[in-house]
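Hi,

Here is the structure I promised to pass on.

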Amino acid sequence: MAQESPILLAGTVLLMTKAKNETTEQRENRLNWWKKHHALHLEEDNAKSRQRDQNIKILVLSHYSTENTPICARCGIVDIDVLAIDHIMNNGNSHRRLLGIGAHLYGWLKRNNYPEGYQVLCMNCNWKKRIQGGL
Ligand SMILES: [Zn+2]
């Protein structure tokens, strides 16, 4: 019977099958094959990972924007590279400590059916909100 062990490389879960009674040499060969595969496909795996993160960001920002397209709630800029989720009640620090940043927050919002209390702001408007005491 084979035993599967998930290995996480560059955000990709690879299933490595371990044969029963595998020798040390066989294990080293198997691990070397995976390392070589990973090195050959590193750029491709990273690109796929970035595209997945970007897709979920667009999906979540679209949900929290008007007209179902990512847009800053204050100034109206639509450049996805400068848009981010803003915690309307300024409780982002505690949330970030719990979830991390970026893709983790977007995934959490999607999995939790887009809870209220969030909006889309660009970095400038987010910074200005902070300077104005969170208003
Ligand atoms: Zn803005």
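To start with burial: 15% of the 135 residues in the protein chain are buried. Here a residue is buried if 20 or more other C-beta atoms lie within 10 Å of its own, exposed if 12 or fewer, and partly exposed in between, with C-beta atoms placed from the backbone.

Two housekeeping points. Residues are numbered from 1 along each chain as its sequence is written. This is a predicted model, so local features need pLDDT of at least 70 and side-chain atom pairs count only at pLDDT 80 or more, while totals for chains, interfaces and linings use all residues.

On confidence (pLDDT is the predictor's confidence in each residue, from 0 to 100), the protein chain averages 83, and 78% of the residues score at least 70. Strand β1 (residues 3-9) is where confidence is lowest, at a mean of 49, and β4 is where it is highest, at 96. Over residues 1-5 the pLDDT is below 50, and this stretch has 10 contacts in the model beyond near neighbours in sequence. A contact means that the C-beta atoms of two residues, placed from the backbone, lie within 7 Å.

As for the fold, the protein chain has 4 helices and 4 strands, in the order β-β-α-β-α-α-β-α along the sequence. These are DSSP runs numbered from the N terminus: helices are H or I with at least four residues, strands are E with at least two. Of the contacts with a separation of 6 or more, 60% are between residues 24 or more positions apart.

Helix α1 (residues 24-63) is worth a look.

Next, the core. The largest nonpolar core has 16 residues, and Cys-72, Ile-85 and Val-120 have the most contacts inside it. Such a core is a set of buried Ala, Val, Leu, Ile, Met, Phe, Trp, Tyr and Cys residues joined through C-beta atoms within 7 Å. At least two residues each come from α1, β3 (83-87), α3 (103-111) and β4 (118-122), with β4 giving the most, 4 residues. Leaving out residues up to four places away in sequence, Cys-72 touches Ile-77, Leu-83, Val-120, Leu-121, Cys-122 and Cys-125.

Strand β3 is largely enclosed by the rest of the structure, because 4 of its 5 residues are buried. β3 and β4 pair in the antiparallel sense over 5 bridges (pairing takes at least two DSSP bridges between two strands), and Ala-84 stands opposite Leu-121 in β4.

Two loop residues other than glycine have positive phi. Glu-67, in the loop between α1 and β3, has phi near 60° and is exposed, with 7 other C-beta atoms within 10 Å. Asn-113, in the loop between α3 and β4, has phi near 55° and also counts as exposed, with 7 C-beta neighbours inside 10 Å.

Finally, Gly-134 lies in the segment after α4 (123-131). The C-alpha atoms of Gly-134 and Ile-88 are separated by 8.4 Å, though 46 residues apart along the chain.

Cheers
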